[in-house]
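Trainee: I'm new to this one. Can we go through it together, checking each term as we meet it?

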Amino acid sequence: MKRRQFIGLSAYLAAAVALPLLDGCATGDNESAVSEPVVLLHTVNAKSVIETGQAYLKQFPDENTKDKLRQLLLDKEAPLSSGAKAIHEYFNTKTVEDFNTGQTVIINGWVLSHTEARQCALFAILQS
Amino acid sequence: MHIDARNIENNSLIEGDICIIGSGAAGISMALEFINTSHKVILLEGGGFEQEAAMQELYATKQTGQRYFPFKAIRLHYFGGTTNHWSGFCSVFDEIDFEKRDWVPYSGWPIQRKDLDPFYERAHKIIELGPYEYEDTYWLKQQPALKPLPIDKKVVWNKMWQFSPPTRFAKKYKDAIVNAKNIHLYTYANVTDIQSNENVSTVKEVTIKNLAGKSHRVRAKVFVVACCAVQNARLLLASNKQNPKGLGNDNDLVGRFFMEHLEMKSAELWLAKADALKFYMWSWGTKARAELAISKAKQEELKILNGTASFVPLDIGKNEPAWIDIYDENGKGDLSKFDEAEKKRDFSNKDIAYQLMTRIEQSPNPNSRIMLDTEKDALGMPRVHLHWELMPLEKRSMRKIYEVIGKEMGRASSGRIRLMEYLRDEKDETWPALTGGGWHHMGTTRMGLDPRQSVTTENCQVHGIHNLYMAGSSNFVTAAAPNPTLTLIALTLRLADHIKGTL
């Protein structure tokens with residue numbers, strides 16, 4: 001990621017994380033942070049994210065469990081013990097990479113990175 | 001000078017060097033080119049100087065296929081033509097629009113963009129546009145406060161639009177035309193027939209009629225048909241005394257390939273950071289603005305049509321009716337619903353959420369066509385039967401355009417795109433009720449080098465008829481994304497130069 005882009009994103013993430021998050025849905029803990037597609041949650045709302053997550057699970061029924069989604073979302077480099085902010089930044093980097101490499105899906109009409117679509121699905125499961 | 005054809009002796013013979021049929025954007029642009037020359041120009045207008053219901057009724061059509069606007073409401077049948085109510089949106093066609101694209105059947109013009117460039121520049125003056133500049137960098141330099149979206153131009157680029165005041169040709173050019181000694185403007189002079197010689201190689205004369213019951217003949221060295229894409233085809237098809245198929249129609253091409261632009265709501269943009277997107281907004285008085293367009297390389301890669309996306313705040317756009325729905329059963333348009341949409345605005349998600357409006361070319365399609373109906377109008381001319389037909393390529397292209405923009409917004413962390421319901425299922429080839437055009441008609445006498453595949457030559461001359469030319473958007477081979485007026489005027493100016501060289 002280019003430095004300028006990273007700085008811009010970091011500043012944006014700081015603002016996003018500082019929001020009274022997501023209609024009270026996010027807990028801010030590390031587990032929840034994995035399920036939070038920050039850009040989407042920031043621009044639309046938790047209800048839309050849940051609906052999108054539910055649509056994703058219908059479209060990809062093989063991924064219809066919390067464990068499967070966590071397995072697909074997390075790799076060795078995921079900073080699970082570094083706090084929610086680091087986790088959000090990690091997933092945003094992955095999201096941008098997805099867009100750069102064409103790893104995108106259309107869910108409920110949203111053109112999404114596959115990573116953030118899986119986050120929506122996990123979010124939907126956790127909020128159900 | 002001006003002559004009312006209702007007030008001259010019946011069956012008069014009118015003679016000149018050039019006969020221009022139609023006084024809309026193309027016809028007047030052509031006539032202006034000949035002011036103060038040694039050529040006597042006969043300019044024929046079917047109507048007068050004001051809109052009249054009886055004249056509009058001559059444009060009533062039978063329509064089948066994809067639902068379409070009522071013709072008699074959207075094309076104006078009096079001096080100045082449809083410039084009397086156009087909105088003035090202008091942009092140039094891209095290089096790729098003129099090229100043969102293997103994924104776009106029947107694409108490929110006999111001329112290139114560079115052939116039109118000098119005429120685009122001249123056309124700018126006629127419709128009072130700004131400098132002939134369509135680079136976003138130029139316009140951003142003029143207004144440094146405006147910020148473009150952070151897009152990769154190799155994928156998505158800012159296609160610039162310029163806006164005519166809009167020039168109303170009737171108001172702007174009436175005096176110049178009427179006062180020109182060598183321009184003879186005849187109003188109430190509807191051409192109902194073009195007569196050629198026996199072997200259909202030369203036009204001898206045209207017949208004009210009016211609702212006052214008078215009929216006259218016009219003879220000239222050169223005839224230019226400039227009645228709009230629909231009426232151009234109608235006139236050739238109806239002129240069938242010497243050739244039962246109609247003039248220029250040996251290969252059954254006249255009237256086929258009718259094209260429109262699809263202009264409709266298609267997606268939403270949700271920005272990650274509030275931005276009024278002023279570089280992309282339009283209101284009366286705006287000189288230039290950008291729309292998002294897909295790069296040539298990406299179009300080639302995805303095998304899609306050329307199109308653009310424009311922006312309207314979502315809290316306005318979501319309440320606006322589809323253009324196709326604003327007309328009543330009598331063909332009367334009602335714009336009040338747009339005012340209501342503005343009033344309903346709640347400023348929710350201000351500067352965050354936008355409605356994206358598509359403007360995309362229609363793929364050339366021989367089954368999308370103008371034909372003659374069995375019913376005749378008050379002057380005895382067969383009415384037009386329009387069959388508008390879309391192809392799956394248009395829908396697939398629309399969907400891909402928003403996928404590309406969506407990916408680019410995501411890559412730049414700018415926001416996210418949401419496709420409207422009708423674009424979500426890639427297997428769904430149906431069109432939603434809101435489907436509509438841009439009131440643009442093109443392609444019914446397409447140009448080309450091969451007479452078996454085109455009606456006119458690269459110089460807009462009807463193949464095989466040495467003194468008959470078509471002016472306007474009926475010559476277009478493909479529709480591109482932009483509104484056609486600028487390009488049709490440029491093409492007309494090019495034709496004017498060609499005719500000057502032949503006289």
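Predicted model: local features only at pLDDT ≥ 70, side-chain atom pairs only at ≥ 80, totals over all residues.

Trainee: How many residues of chain A and chain B are in contact?

Mentor: 20 residues of chain A touch 17 residues of chain B, contact being heavy atoms within 4.5 Å.

Trainee: Why is the link between B:Arg416 and A:Glu116 called a salt bridge?

Mentor: The term asks for a side-chain nitrogen of Lys or Arg within 4 Å of a carboxyl oxygen of Asp or Glu. Here the closest N and O atoms are 2.7 Å apart, so the pair qualifies.

Trainee: What makes up the side of chain A that touches chain B?

Mentor: That side has 11 nonpolar residues, eight polar and one charged. Ala, Val, Leu, Ile, Met, Phe, Trp, Tyr, Cys and Pro count as nonpolar, Asp, Glu, Lys and Arg as charged, and the others, Gly among them, as polar.

Trainee: In chain B, why do strand 10 and strand 11 count as paired?

Mentor: Pairing takes at least two bridges found by DSSP. Strand 10 (residues 203-209) and strand 11 (residues 215-219) of chain B have five bridges, in the antiparallel sense, so they count as paired. Strands are DSSP E runs of at least two residues, numbered from the N terminus.

Technical notes. Residues numbered from 1 in each chain as written. Chains lettered and ligands numbered in written order. Heavy atoms only, no water. Helix = DSSP H or I, 4+ residues; strand = E, 2+ residues; numbered from the N terminus.
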